[in-house]
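Me: Hi! Could you walk me through this one?

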Amino acid sequence: MKSDPATSAAPLRALGGALRSSEPVRAVPAPSAAALLLEEAADLLVVHLDFGAALRTCERAWQGLAEEPAGASLEVKCSLCVVGIQALAEMDRWREVLSWVLQYYQAPERLPPKVLELCILLYSKMQEPGAMLDGVRAWLQYPDNQGLPEYRSLAELHLQRVLLPLGLLSEAEELVVGSAAFSEKQRLDALQAVSAARQQQTHVHSGSEETRTLNQEAGMHIRPRGPGWSPDWQCLLGALLPGAWHPGRWHLWRPGQQSP
């Protein structure tokens, strides 16, 4: 039984127009071994929730990529890092994330923007923004990064999630004023945020000084209420210290969800 020429050529026309007899058929390149391992790692992470196996699969893929040219499979490399970061976070090994990605990129200024963003968000979420301070500084100062479209958003993220929480307000001002990536409006908004943080810092400092003075005065006038009396230290600490922080497991977003 002969096939209808119009029917047999339909899939080819759907892909790229009518096929001429003189045109060679272009074969779709097969996915690389690293890309296949990336799919396997993502499946282990999201479907099977086998985080250790997902991490090991990412590391196997990276070993194969070491033999390829430096510029090859950039998207695959970045995606492997995203899966690996989530796997480490799910196993409560989030402190290892930065050193894990740096073993593949050697220097923080070479990290892809998406990987750097995830690292900033992770360490900020776990209240350890200082772990990213030197790395983000190096990335923002690296000339090759300053022309990237993601540069401004990463500079803003560094300002909001690293510099301001650490109280590095002068450095935050220098970043905003000295960077050409900010528009005038963006620069004004960022400087207002720095100013608000400085006022809050001054207020907190003044409050601490007032509390210390009151405690000293109270200590001068209050006498023990009898044998065995002692101040209620738990009440005092509860009033002065911030609320308890529980380092719960941090979840990166799943495929199909909006990024945080």
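**Burial and fold**

Reply: Of the chain's 260 residues, 31% count as buried (under 20% relative accessible area, with a 1.4 Å probe and protein chains only). This is a predicted model, where local features need pLDDT of at least 70, side-chain atom pairs count only at pLDDT 80 or more, and totals for chains, interfaces and linings use all residues. Residues are numbered from 1 along each chain as its sequence is written, and side-chain values use heavy atoms, leaving out hydrogens and water.

Me: How many helices and strands are there in the chain?

Reply: The chain has 11 helices and 0 strands (DSSP runs, H or I of at least four residues for helices and E of at least two for strands, numbered from the N terminus).

Me: Okay, T57. Buried or exposed?

Reply: T57 counts as buried, because its relative accessibility is 3%. T57 sits in helix 3, residues 51-65. Leaving aside residues up to four places away in sequence, T57 touches L37, E40, A41 and L44 (contact means heavy atoms within 4.5 Å).

Me: New topic: at what angle do helix 8 and helix 9 pack?

Reply: Helix 8 (residues 151-166) and helix 9 (residues 169-178) pack at about 175°, with axes 10 Å apart. The axes are lines fitted to C-alpha atoms over the stretch in contact, and angles run from 0 to 180 degrees between N-to-C directions. Helix 8 and helix 9 are therefore roughly antiparallel (over 145 degrees).

Me: Which residues of helix 8 and helix 9 make the contact?

Reply: Helix 8 brings A155, H158, L159, L163 and L164, and helix 9 brings L169, E171, A172, L175 and V176.

Technical notes
Angles under 35 degrees count as roughly parallel, over 145 as roughly antiparallel, 65 to 115 as roughly perpendicular and the rest as oblique. Buried means under 20% relative accessible area, exposed over 50%, partly exposed in between (1.4 Å probe, protein chains only).
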